[in-house]
Amino acid sequence: GIVRGGVHEIYAPSTAHIGAATGFAAALAARAAGLSPILWVRQDFLDTETGALSASGLAEIGVNPERFILVRARDAEGVLRAGEQAARCAALGAVVIEPWGEPKILDFKVSRRLSLASAKSGVPVLMLRASAAPAQSAASTRWKVAACASRALEANAPGHPAFTLNLLRQRGGADGQTWHVEWNRDRKCFEQASRVHVAPVPRAVVSLSCNRTSETAAEITRLQRTG
C-alpha cells in the first residue's frame, strides 16, 4: 500500500480525465478514512472550470457523501492554509486538497510542511491537481490517472469505474509502473482489471491502520470554522 502519513499527488493527463482523477481521489480517500470524516478543500474557481462535486456521483461509486466536509477557499493560498490545518487534525480520516493550476505559492517548502503535518497526525493528504504539470515536491507518491473502458457486468449492465494508473514517483521505492484497475463499489476496493494483463498491485492501494484512536468532534468543528 501507500504510506498513510504523507502527501500523494494525483494528476489528470488532460481535462478530459479530470473526472476520473476526482473519482480516484474520492475512492482512495474513502478507503483510507474508514469510518472517519473526510475533509475536501477546493478552490471556488473549480466549480466553474471543472464542475462542482456531485453528491449523487459519490453515491454512485458507493461513497456516502455525508462523510465529506467541504471547505471552499477563494484562492490557492486559502486552499493550502486550510489543507495544512486539516492535515494536523487526527480526527479526520483523510484530506483532499484541490488548488487550481500551478500557483507560485505551492512550492517545495509548502509541500514539505503538508508532508510533515500528515506524518505527525497519520492523516493521508491527497492533492488533486487540475491544469497542472508534475513538478518537484515533497510528495510520497505522484500518480497520473486516466479513465479507461470498463467491463460490462451481467445482462450488459454498466461496469465498475475503471482507471489507468501511472505511478510517476514513489519515495524510496520503484516508480514508472502502470496498472489498470477497477473500483468495486460493493467491496470498497480497487481490483486489477482482468481484461488487461499487467503486473498485479501487490496489496491494498491504501493500508488501513488497525489502531486508530478517534479525536473529539470539537476539533472537527473548530477546523470547519477556521477553514
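pLDDT is the predictor's confidence in each residue, on a scale from 0 to 100, and a contact here means heavy atoms within 4.5 Å.

**Figure 1. Confidence across the predicted model.** The structure shown is a predicted model, with a mean pLDDT of 83 for the protein and with 83% of its residues reaching 70 or more. Over residues 196-217 the pLDDT stays under 50, and for this stretch the model has 40 contacts beyond four places in sequence.

Figure 2

**Figure 3. The parallel pairing of β1 with β6.** Strands of a sheet pair through backbone hydrogen bonds, in either a parallel or an antiparallel manner. Strand β1 (residues 7-11) runs parallel to strand β6 (residues 141-147), and 4 bridges join the two.

**Figure 4. Antiparallel pairing from β6 through β7 to β8.** Strands β6 and β7 run antiparallel and are joined by 7 bridges, with V145 having L165 in β7 as its bridge partner. Strand β7 also pairs in the antiparallel sense with strand β8 (residues 178-184), in this case over 5 bridges, and A162 stands opposite E182 in β8.

**Figure 5. The lining of the largest pocket.** The largest pocket holds about 400 Å³ of space, and of the 24 residues that line this pocket, those closest to its centre are G19, A20, T22, G23 and G57. At least two lining residues are supplied by each of α1 (18-33), β2 (38-43), α3 (55-60) and β7 (162-170), while the largest share, 7 residues, comes from α1. Sorted by class, the lining of the largest pocket comprises 14 nonpolar, 7 polar and 3 charged residues.

Definitions and conventions: Residues are numbered from 1 along each chain as its sequence is written. This is a predicted model: local features need pLDDT of at least 70, side-chain atom pairs count only at pLDDT 80 or more; totals for chains, interfaces and linings use all residues. Side-chain values use heavy atoms; hydrogens and water are left out. Two strands pair if DSSP finds at least two bridges between them. On a 1 Å grid over the protein atoms alone, a cavity is a set of points where a 1.4 Å probe fits but cannot get out, and a pocket is an open set with protein on both sides within 12 Å along at least five of seven lines; lining residues have an atom within 4 Å of a point. Grid points are joined across faces, edges and corners, and a volume is the space filled by probe spheres set on the points. Ala, Val, Leu, Ile, Met, Phe, Trp, Tyr, Cys and Pro count as nonpolar, Asp, Glu, Lys and Arg as charged, and the others, Gly among them, as polar.
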